[in-house]
Amino acid sequence: MDFFVDYKLVTSLLMIFLSSPIKYYVKKWLKYRGKKKQVDHRYLINSVNNLYNLALIIILFYLWSEELQRFAFSIAAFVVAIVLATREYIQCFIGFLYVTSTRPFRVGDWVQTGHFCGEVTATDWAKLTMLEIDQSDYSYTGKTLFVPNNQLITQPIKNLNFLKRYVPHNFIITMDSDYNPYENMDYLLLKAKEYCVDFQSVAERYNALIERSLDITVLGPDPSIAVSTTELGRIKTSFTIFCPTEKASEIEAKLTYDFFSIREKNVNRKTQKKSEDE
């Protein structure tokens, strides 16, 4: 025991050198087990990584406590300057404690903070790591976001985890004021229900689950269409479809095609009728 105390540098290096492979193989085993059982173990892997780092820091602090104490006394005059210089890092650590204690999300959740939206892949004392998600079509952009933890204290955190499976997808089509949107509304609503019939029963159950969990009323599961105008007097036709997240863009494209197809047919019919009357 005296050897480890007398040769602290050697002890520290041995501790890091011997414990790193153990952490590596534990994480590798968790990944293998997750793939074998088809279970997402990223949360456990992230927890193991953070616990390892915390335990290592505590042991090293304990081992070098005397030296650190003497060092702290020797730089007492510079403490204020050091705090000011490292305040962002201190805020990041406080943000990590805030996220750990309140648990607004976990690894694998979809979250939005500020202008950033993505799937959480890892958390540590300094940053939040996310895979960026394009909110227009709910697809991965291929970019990795690193959000400092201090931003998690000053900005609201939106947990979008319920949107991973089903989403109340909204999109708007804007037309000139000479267009009558109500003449095609029944047809478009019928087409929307037709595109949703394959997953209607699942959507109803998931919609009820969200409402029970959040104690709110969510738009859906039936499609809806609303009409309004812009500040310039143009007509907006708003669609709301409660559908699987991966089908949102596909259904939007189909309804947009139907919208302009029926619009073109109506224009051609009116033009032909006007020509016959003349």
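**View 1. Strands β6 and β8 pair in the antiparallel sense over 10 bridges**. β8 covers residues 235-244, and its F239 is the bridge partner of F171. The model is predicted: local features need pLDDT of at least 70 and side-chain atom pairs pLDDT 80 or more, whereas totals for chains, interfaces and linings use all residues. Residues are numbered from 1 along each chain as its sequence is written, and side-chain values use heavy atoms, with hydrogens and water left out. Strands (E, at least two residues) and helices (H or I, at least four residues) are DSSP runs numbered from the N terminus. Two strands count as paired if DSSP finds at least two bridges between them.

**View 2. An open sheet of three strands has the order β6-β8-β7**. The pairing is antiparallel. β6 (166-175) and β7 (224-229) are the edge strands, each pairing on one side only. On average, neighbouring strands of this sheet are turned by 20 degrees against each other, direction ignored. Helix α8 (residues 185-196) packs on the sheet and touches β7 and β8; contact means heavy atoms within 4.5 Å. The direction of α8 makes about 140 degrees with that of β7. Axes are lines fitted to C-alpha atoms, for helices over the stretch in contact, and angles run from 0 to 180 degrees between N-to-C directions.

**View 3. S177 lies in the loop between β6 and α8**. S177 counts as exposed because its relative accessibility is 57%. The classes are buried (under 20% relative accessible area), exposed (over 50%) and partly exposed in between, with a 1.4 Å probe and protein chains only. Residues up to four places away in sequence not counted, S177 touches G233 and I235. The C-alpha atoms of S177 and T229 are separated by 8.7 Å, and the two residues are 52 apart along the chain.

**View 4. β3 and β4 form a hairpin with four residues between the strands**. Strand β3 (residues 127-134) and strand β4 (residues 139-148) run antiparallel and are joined by seven bridges. V147 in β4 is the bridge partner of L128. In this hairpin Y138 takes a positive phi near 60 degrees. Y138 is also among the residues touched by T245.

**View 5. T245 is found in the loop between β8 and α10 (248-277)**. T245 counts as buried because its relative accessible area is 3%. Not counting residues up to four places away in sequence, T245 touches W110, D137, Y138, L163, K164, R165, Y166 and V167.

**View 6. R103 has a positive phi, near 50 degrees, and is not a glycine**. Most residues other than glycine have a negative phi. R103 sits in the loop between α6 and β1 (110-113). With 48% relative accessibility, R103 counts as partly exposed.

**View 7. The largest pocket holds about 590 Å³ of space**. On a 1 Å grid over the protein atoms alone, a pocket is an open set of points where a 1.4 Å probe fits, with protein on both sides within 12 Å along at least five of seven lines; lining residues have an atom within 4 Å of a point. Grid points are joined across faces, edges and corners, and the volume is the space filled by probe spheres set on the points. Of the 21 lining residues, N50, F96, T100, T123 and D124 are the closest to the centre of the pocket. α3 (42-63), α6 (87-102) and β2 (116-123) each supply at least two residues of the lining, and α3 gives the largest share, eight residues. By class, the lining has 12 nonpolar, six polar and three charged residues. Ala, Val, Leu, Ile, Met, Phe, Trp, Tyr, Cys and Pro count as nonpolar, Asp, Glu, Lys and Arg as charged, and the others, Gly among them, as polar.
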